Amino acid sequence: MSSLQPTLSSNQAPSTVEYGGDEISAIVLDPGTAWIRAGFAGEDTPKSVIPADYGCIEGAGENGGRKMFIGDNDVHALRPGMEIRNPMNDGIVADWDTAPLLWRAAITSRLTTELSEHPLLMTEPSWNPSKNRERTIEVVFEDFDVPAFYLAKTGVCAGFASGKATGLVIDVGASNISITPIHDGLVLKKGCTRSPLGGTFLSDQIRAYFAAVNIPLSAHYQVLSKSPVEAWKPADAVYRAFAPGEEPTDSYRRFQEDRVLTEFKECTAQVWTGPGLLPSTAQDAASAMLSSPGGRPFEFPDGFNVVFNTERFRVTEGIFHPPSMLTSYQHHPDPNSTLGLNQLIHQSMKDVDIELKQLILNNVVITGAGSLLYGFTDRVNAEIAAAFPGPRVRVMAAGNSVERRYAGWLGGSILASLGAFHQLWISRKEYDEHGPNIVEKRCK
Ligand SMILES: Nc1ncnc2c1ncn2[C@@H]1O[C@H](COP(=O)(O)OP(=O)(O)OP(=O)(O)O)[C@@H](O)[C@H]1O
C-alpha cells in the first residue's frame, strides 16, 4: 500500500525501542457511539466490546462525586437513581471527562492493565475536528502513558478489513450514515458525506411508529412472568412493581426499551428493495408487496405480539427517502434538508475526481451494525445501479455479521500488524518534541 509512507519526512521512523518492537502487540481501540471495541492487533475480533452507554449516580461516589457503572453487566443492572449517559455526540467525543474512562475500561477489563507497554492505534470518523484529535493524543500520552500512538480513519480501516485500499465505504453506525471515499489508503476528504440516519434514528422511527398505533413497548426488566396471547391481544404478564424511591430512572427505562428496539431491527424491520420507493399508502404498499414474502412476527418482552406487514418497511424508508420519515417526535432530522442514503452517495461521488470515480464505484463496501437490516444491501445495490449504470459497479458487504459489526476495528488490527506500519507510529519522544499538533501532521 503506497500510502503507508511516513508523511512527515523530517521525522525519522521511531526506533523499535520507542514503540516497543514487533514482539509487543499493539492495542487497537475503535470507540463508537454504541460500542467501544478493543483488542490486540493481528487478532480477528476485538477481545473487549463494551457499551459506550454507562450508568451514573450523582453523589454516590467517593467524596460525594459521581459513581459510574461501566460495562455490559453493570450498565444493565437495575439500580434506583442510576441515569444512563453517553459521552458521544454526532459520532465524536462530547464529554472528555468520561470518554477516556470508558476507553481505559475497555482495555483494562479484558486486555491488559499495562497501557504503558503497548502502542495504541485508535480509529476516528473523518469529521473528527482538530481539537478532538489533539485532545485524544494528549489523553493517550499523558494519562494512559502509551509508548506510541496512531489515529486512523474508521473508513480507511473498514476498507482494509475488506481488502480494499480504494473504494467507497458506506458505514451505518448508531449516530450517522457516513460515506467515505478512499484512494490508496487515504480519505478523499472532499467526498466525505454523512446524515444523522443511523441506528439511533431508526430506533426513534420504530418508537414513533409504535406510539402512533398504540403498541405498548415493554422492556425485559419490567416483566416478571408472561403467558402466551394471540396477536394484538393485551399482554398477560406480571410486571415488576417498585417501592417509592426504588424506581429506575427514565433514562434507564429508555435504554432498556432501546434494547428491544434493536431486537426488532434484528428480527423484523426490513428495507424495501424496490423497484423504486416504498409506495406511500398502505394499500399501494400492500399490493406492491404481493410478490414479497409475508409478514414477520415480533413478540415484546411482556408477550404482546404482532405480525408486521408493510409497517416493517415503513419504519426504515426514511433512511433512503427522508420525506418518508415519521416526524411525530421531537428532535427528528429535517425530512426536507436531510440527505437520504442515495443522495449521500451522489453527493460524495460528485466531489470525487472523474478518473477515480469508476475505480471507487467498483469497490463499494458496506459496513456498520446498522447495515445488517434485512434487505439493506439489496436496496443499496439497486440505488447505486440505477444512479450509476454500468457494468463496473460492485457492492460488497461481509456476509458474516461479526465482520460487519467490527470492520473498523478489524481494519485497524490489520493495519497495526503490517510490517511497514511501524514507520507510522508517533512515539512519545516525538510527541514530547512536537506537542499534540503532531497528530495533524502525521495522521492524515
Ligand atoms: N441486526 C441489526 N440490524 C439493524 N441494526 C442493528 C442490528 N444490530 C445492531 N444494530 C444497530 O446498529 C447500531 C450500532 O452500530 P455500530 O456498532 O456500527 O455503531 P457504532 O460504531 O458504535 O456507532 P457510530 O459509528 O455512530 O459511532 C445500533 O443503533 C444498533 O441498534
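A polar backbone atom of A369 sits 3.0 Å from an oxygen atom of the ligand. The side chain of S175 also has an N or O atom 2.7 Å from a ligand oxygen, and a backbone N or O atom of W35 lies 3.1 Å from an oxygen atom of the ligand. On its own the ligand has 660 Å² of accessible area, and the protein covers 89% of that (Shrake-Rupley method, 1.4 Å probe).

A quick note on the ground rules: this is a predicted model, where local features need pLDDT of at least 70, side-chain atom pairs count only at pLDDT 80 or more, and totals for chains, interfaces and linings use all residues. Residues are numbered from 1 along each chain as its sequence is written, and side-chain values use heavy atoms, with hydrogens and water left out.

## The shell

The ligand is surrounded by 20 residues, with A34, R37, S175, T262 and K265 the closest (a shell residue has a heavy atom within 4 Å of the ligand). By type, the shell splits into 7 nonpolar, 9 polar and 4 charged residues, with Gly counted as polar. Helix α7 gives the most, with 3 residues (helices are DSSP runs of H or I, at least four residues; strands are runs of E, at least two).

## N128

N128 lies in the loop between β9 (120-124) and α4 (130-143). Its side chain makes a polar contact of 2.9 Å with the side chain of E124 (N or O atoms within 3.5 Å, one able to donate a hydrogen and the other to accept it). N128 is buried, at 12% relative accessible area (buried means under 20%, with a 1.4 Å probe and protein chains only).

Terms used: Buried means under 20% relative accessible area, exposed over 50%, partly exposed in between (1.4 Å probe, protein chains only).
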